[in-house]
Amino acid sequence: MIIKEYRILVPLTLEEYVRGQLYSTAKVSRAETKKGEGVEVLVNEPTEHPQYGKGQYTKKIYHLGNRLPSFIKFILPAKALLLEEEAWNCFPYCKTIIKSPLFPDSLTFTIETMHVQDKGTEENV
């Protein structure tokens, strides 16, 4: 397991960032979804995190077939052309798990994000 921490300063308030992130995610999802490709939303429902409160839970499947050269699509099984995503968006805390259905136990990315209104100086965020 590899753990990396990144701190990215943006010239926005936390409220502005949340609004912009939701808007850009919806816009890109809509633009990239065509004819069975792109993003398939399976679940989109309210959730509650014990520490961070109310938020949104989503489960999605990313269809990657049109993103790859045709000779690779011919070689790979259909499951290799998919990614599954589960996300818990409870601002200021977000957690996203991305898996390959072909290798669910060995190819998993977990992204945990804490959005904080400061200049990157707060410890142990």
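1. Start with the pairing of E3 and strand E4 (residues 93-99), which run antiparallel across seven bridges. Strands here are DSSP runs of E, at least two residues long, and helices are runs of H or I, at least four long, numbered from the N terminus. Two strands count as paired if DSSP finds at least two bridges between them. E3 and E4 make a hairpin, with two residues between them, and Glu 85 sits opposite Ile 98 in E4.

2. A word on what you're looking at: this is a predicted model, where local features need pLDDT of at least 70, side-chain atom pairs count only at pLDDT 80 or more, and totals for chains, interfaces and linings use all residues. Residues are numbered from 1 along each chain as its sequence is written, and side-chain values use heavy atoms, with hydrogens and water left out.

3. On to strand E2 (residues 53-63), which pairs with strand E3 (residues 82-90) in the antiparallel sense, over eight bridges. Tyr 57 has Trp 88 in E3 as its bridge partner.

4. Lys 60 belongs to strand E2. Lys 60 counts as buried because its relative accessible area is 11% (buried is under 20%, exposed over 50%, partly exposed in between, with a 1.4 Å probe and protein chains only). Leaving aside residues up to four places away in sequence, Lys 60 touches Thr 25, Val 39, Glu 40, Val 41, Leu 42, Leu 83, Glu 84 and Glu 85; contact means heavy atoms within 4.5 Å.

5. How about confidence? pLDDT is the predictor's confidence in each residue, from 0 to 100. The protein chain has a mean of 86, with 99% of its residues at 70 or more. Confidence is highest in E4, at 93, and lowest in helix H2 (residues 70-75), at a mean of 82.
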